[in-house]
Amino acid sequence: MATIYLIRHGQASFGKENYDQLSPRGWEQGRVLGHWFAGKIKPSAVFGGNMERHRETVEAIASGYGDTLPDMQAVEGFNEFDHTQLVECLRPEWADRERMARDLASFPKPARAFQQVFEEAMVRWVGGEHDDEYAESWGDFRNRVITSLERLIEYADGGDTLVSTSGGPIAVMAQHLLQLSDRKTLDMNSVIANTSVTRILHSGGRRSLAVFNNYSHLEAEDASLVTFR
């Protein structure tokens, strides 16, 4: 039975112009995971979304792995959904970043206020009543992630693989395997840690979720490395 190791990317650079990069902590999370993988697994292939933070996470893992990893093959189907569009569909005025910053600054805890809006935006998207407003509906997102998973399994041909991706695709794959509701899937997405490992086992037509959201490698190294945003 072969294993797919789904890895949520390391912590991204909050506050930077380009969010699609790892923060220094994100790089360290990846190195710790690579060291943890060393001697335990030898993947026959490495895949990832085509976002910068997916590629950098693989680079960070490789730096701690101590051996050569296969080159990452970019698969657009493993990209995260467009969280910016989700928020702007709920709060169109926040397309103006200065307006968003002013609005959030009026709250005692701006980060928490943004998280509440983001959760509302997710529920609206998943509800399916406004699909025409989004470039990618929730149903389309789910379909492209699961299609990419099945194509990966076919390509792997029985070998173990690493996949550097994001929380949304990982939650959708867990939903698919466990037959979860959409709301439960949103709940799972909210607790997936940076560089956590989720394991899918597959053999022939069988697929099963063996491990979800394991970040013990971070806890063993330094508990402050555990992040969820």
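This is a predicted model: local features need pLDDT of at least 70, side-chain atom pairs count only at pLDDT 80 or more; totals for chains, interfaces and linings use all residues.
1. Strand β1 has another partner to look at. With β5 (residues 197–203) β1 pairs in the antiparallel sense, over 6 bridges. Here Tyr5 is the residue that stands opposite Arg199 in β5.

2. How many residues of strand β1 are buried? The count is 7 of the 7 (residues 2–8), so the strand is largely enclosed by the rest of the structure. In a regular strand, side chains alternate between the two faces of the sheet. In β1 both faces are covered: one side carries Ala2, Ile4, Leu6 and Arg8, the other Thr3, Tyr5 and Ile7, and all are buried.

3. Now to the rings. The model holds 11 aromatic pairs. One of them is Phe81 with Phe141, an edge-to-face pair at 5.5 Å centre to centre, with 85° between the planes. Phe81 lies in the loop between β3 (72–74) and α3 (83–90), and Phe141 in helix α6 (residues 138–156), so this pair ties together parts that are 60 residues apart in sequence. Both Phe81 and Phe141 are buried.

4. Phe141 also pairs with Trp125: the ring centres are 5.7 Å apart and the planes lie at 45°, so this pair is tilted. Since Trp125 belongs to helix α5 (residues 110–127) and Phe141 to helix α6, the pair ties together parts 16 residues apart in sequence. Ring pairs link Phe81, Trp125, Trp138 and Phe141 into a cluster.

5. Lastly, look at Arg91: its charged end sits over the ring of Trp94, 4.4 Å from the ring's centre.

Key. Residues are numbered from 1 along each chain as its sequence is written. Side-chain values use heavy atoms; hydrogens and water are left out. Buried means under 20% relative accessible area, exposed over 50%, partly exposed in between (1.4 Å probe, protein chains only). Helices (H or I, at least four residues) and strands (E, at least two) are DSSP runs, numbered from the N terminus. Two strands pair if DSSP finds at least two bridges between them. Rings of Phe, Tyr and Trp (its six-membered ring) pair if their centres lie within 6.5 Å; planes under 30 degrees apart count as stacked, over 60 as edge-to-face and the rest as tilted. A charge sits over a ring if NZ of Lys or CZ of Arg is within 6 Å of the ring centre and within 35 degrees of the ring normal.
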